[in-house]
Protein chains: 4
Amino acid sequence: MANFGGHAIPGTFFLLYGFWLIVKHVLFHYWRTTQPKRRQNIPPFAKRMGYIEGGLQIFASFVGIMVEQFVVDGPHARLYNRENSSWVKLMNWQHCTMYLFFGITGIALVASTASRRVALGFDRLTLSLALFVEGFLFYYHVHNRPHLDAHIHTLLLVAVFGGSASIMLEVFLRDNIILELFGACLFILQGTWFYQIGFVLFPPSGPEWDLELHENIMFVTMCFCWHLAVALLLVACTSSVVWFTLEKFSKKGQDVEIGMRNTSSKANCQKALLEESDEE
Amino acid sequence: MANFGGHAIPGTFFLLYGFWLIVKHVLFHYWRTTQPKRRQNIPPFAKRMGYIEGGLQIFASFVGIMVEQFVVDGPHARLYNRENSSWVKLMNWQHCTMYLFFGITGIALVASTASRRVALGFDRLTLSLALFVEGFLFYYHVHNRPHLDAHIHTLLLVAVFGGSASIMLEVFLRDNIILELFGACLFILQGTWFYQIGFVLFPPSGPEWDLELHENIMFVTMCFCWHLAVALLLVACTSSVVWFTLEKFSKKGQDVEIGMRNTSSKANCQKALLEESDEE
Amino acid sequence: MANFGGHAIPGTFFLLYGFWLIVKHVLFHYWRTTQPKRRQNIPPFAKRMGYIEGGLQIFASFVGIMVEQFVVDGPHARLYNRENSSWVKLMNWQHCTMYLFFGITGIALVASTASRRVALGFDRLTLSLALFVEGFLFYYHVHNRPHLDAHIHTLLLVAVFGGSASIMLEVFLRDNIILELFGACLFILQGTWFYQIGFVLFPPSGPEWDLELHENIMFVTMCFCWHLAVALLLVACTSSVVWFTLEKFSKKGQDVEIGMRNTSSKANCQKALLEESDEE
Amino acid sequence: MANFGGHAIPGTFFLLYGFWLIVKHVLFHYWRTTQPKRRQNIPPFAKRMGYIEGGLQIFASFVGIMVEQFVVDGPHARLYNRENSSWVKLMNWQHCTMYLFFGITGIALVASTASRRVALGFDRLTLSLALFVEGFLFYYHVHNRPHLDAHIHTLLLVAVFGGSASIMLEVFLRDNIILELFGACLFILQGTWFYQIGFVLFPPSGPEWDLELHENIMFVTMCFCWHLAVALLLVACTSSVVWFTLEKFSKKGQDVEIGMRNTSSKANCQKALLEESDEE
């Protein structure tokens, strides 16, 4: 992973996942806001979305693990070399561990989509743990590196642990759109910051950066804040676009539905009352 | 900014903002407390207040950025000097970054005032982030300084990060007057502490402070607690004044309204009961 | 304060305050639990208790400040000595600052007892801040001391900051008896630990402790846990005694009241309904 | 305790306790989910379970304390040796302190099972404190050890303090199955990690580990994440098995009960409506 591509690939994945989270959460929020009170169930498309998202996560982490293990200079599933008594390619194993936890998140999402028995919030807990594990491994990863290298990875940890805490909160504060979009924002920040790390440590063009110069560290710190501002902007724009698209598309349907509802509202009312008495 | 004025200006802004927050929150709290139950909407003056506050924030941060960039020894919007391969005036750029985030807060406030589609609490989140970014940049700012200089800025961070955490809580615990006034208190603390920093590091009159003397550090630590006590006092006095002014002014209106309500209370009561039975 | 008495006095105060908190909170909890639903107001004795507690706090902290200032070797209200350009007795000033904040707590308690306009939880916020300030000043107090001295004060900080956090939580989670008793427990722990510090650093009898021996530090760490266990035991016993005393005493009253209530319950019911319609 | 067995025994206890917690919490969750609304009391078997669990905890910690004190090279209840002025076997005393707090948890559980007067959540608070004390003593335990030894114990602290925080949350967020299972998961993680420590520091077979090699530290960090993944898997499997067993066994009972309810549902419905109108 010690090249530009090795930082661009995870960056792209986190960016895409962040945008996906925005779309998903705005969609659910729109559904919650616009549905009449008695029908606040999960939207009909939720199941399919859960399966697709979870399936992709499982697939991506499986591919990630396979690639890390079986590239030319990978460990090929060997952990310990008895001949010279040393561990084999621990860096690749660490990356596999990170992928494993994102895979677990996928499994948890599929499970909680498939069955109502899986407790609400289980998928968020595993996502939070996946970010925690990522940050945890990175934390012990960055010792004994040049100053700028360590600093730029430490800033990444702010985004990673911030995301982990934010998504852990979602387990307890459900359906809070601000929290959900903030979590997505931190994923996007992580994504763009991976790119930034790639550009700083392995500049595809131009001169190398001086990894000990204090001014570079000051710039990188400030640059992290700019990334945060850009991430906020991206979240604001994307969620607005999604929201207005939903409003536009749902108008036709609503016009039809209102007509139907008016005629059937009395019947509905009676049905709801009947349902209630059954539930009790 | 390395002079007395450079600390007095932000201090004044934070002080004014803190007082403004007290006025605003006490006004809203008074409205919530005194309005009859069925009318707990946003007060009619809320919209205008939101636009004014947000607009001023945007304007002030725009002016701040312009000044930092285009003062005589500013960077004039140049970030990197290719000739001698060095960054241009990073300190000014860092201040611009801080202003930028307070500008974003203003935009968020205007947006959430203008449209109900913007989720509740978005303006608080951006304000919390603005404080976080301020503290974050300061944190990496104070290394390699004389002992007292570093210490006095570290104490500032207590107010800044405390404010950030307190206002982040407001995103989730809405309309909690204690929390809102505590946030305002931390803004005032920050404001007076900026003045204190100015007086200690750049005394306008009198002798210079010894920046390494342990006794000075002990005094400054204690002094920070006194500023906190003063800030609490200012919050208590200001909010009392605002509250009693509101009570006084609203009495006339209430006298009129009570008369109207008494005549219509029986009708109201019946209407309310009918509404309730409809809701169930 | 550098003697046994100087640690025994605050220790005694914190112990007494802890026990008082247990009595107060169990009393209120008993009231909340046993009152019929419609009457969950503040008990009639709450006002008097608030005034007494607040008044004692104000009085004690005033006396404390006076003593610290005007003892023979105190600063006599002089902060800076211009002749030899040095601060006067900063240690005494720091203690005064701590007392000041406990005095502010007393004022807040009296104010929130006197007027319903003071927001609920304001007294808890100031108590939490008083503990925070105490811990904050201690934290910068313990540098450059012998190893055991620094360690034993660091352990004190666990109780102080723990108490501050616990009581800050009470601002938001009101009437949670577990939280309230835990806060009292941490006050008692602080009290007994002040005594322990006195016994270790200024043993009234017996040999001096070796302040650098690692075994002593190990013992002191373990001893802190024993103090916690004792504090838990004291809270459990005291609250049980208070509870059973209340049950015993209120039985007679209840027997009388139940008789009265039965006769008047129908009337009550109608009154409650009338009150409700007035409120709306 | 400085041998393999000394780590395997606590590991086994934590593993068993973790599994017990899963069974208990899934059982209660099943009860809450399947009971009709009006009957959400504590299940009838809760009392017996509480007594058994608490009794076992008290018994186990009593045995633990006795063993630590009266093994051949134990302190035999002597704390201080006046002859050579030194503490006696502080390590054994520290372990006794840890056991003591788990014993207190048992007492708290028995007390809160026996009487409704004990506030809800008291047993969780003491369990959280027991974990805190364990982590607290370990934290000051690991100084001045070889690098890998300190690191592997630091990782244990992540599980211990994580568990303490998670169970402290349960005091306030009651009956949240996700939180309860996460607490159990951290107990299982602690159990398996104790085994891991035993295998690394006192390998029962094979060569000794190099306690200063950086690669070993990297491996151990990653290994902790694998333990977390395994703990998650164990929690998922165990809770599923418990849940499906409960569903299977309760079907017969339900079939009978549904028959009874159907005949009486109309009557129930009317009664519920009457009760509701009484409450209002």
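## Chain A against chain B

Between chain A and chain B the rule finds one salt bridge across the interface, where a salt bridge is a side-chain nitrogen of Lys or Arg within 4 Å of a carboxyl oxygen of Asp or Glu. The model is predicted, so that local features need pLDDT of at least 70 and side-chain atom pairs count only at pLDDT 80 or more, while totals for chains, interfaces and linings use all residues. Residues are numbered from 1 along each chain as its sequence is written, chains are lettered from A in the order in which they are written, and side-chain values use heavy atoms, with hydrogens and water left out.

The salt bridge joins the side chains of Glu247(A) and Arg117(B) at 2.9 Å, N to O. Helices H5 (147-172), H6 (177-201) and H7 (214-279) of chain A each supply at least two residues of the side that touches chain B, helices being DSSP runs of H or I with at least four residues, numbered from the N terminus; H7(A) gives the most, with 16 residues.

## Chain A against chain D

The contact (heavy atoms within 4.5 Å) takes 28 residues from chain A and 30 residues from chain D. Across this interface of chain A and chain D the rule finds one salt bridge, in which the side chains of Glu247(D) and Arg117(A) meet at 2.8 Å, N to O. The elements that give two or more residues to the side of chain A that touches chain D are helix H3 (90-114), helix H4 (122-139) and H5 of chain A, and the largest share, eight residues, comes from H3(A).
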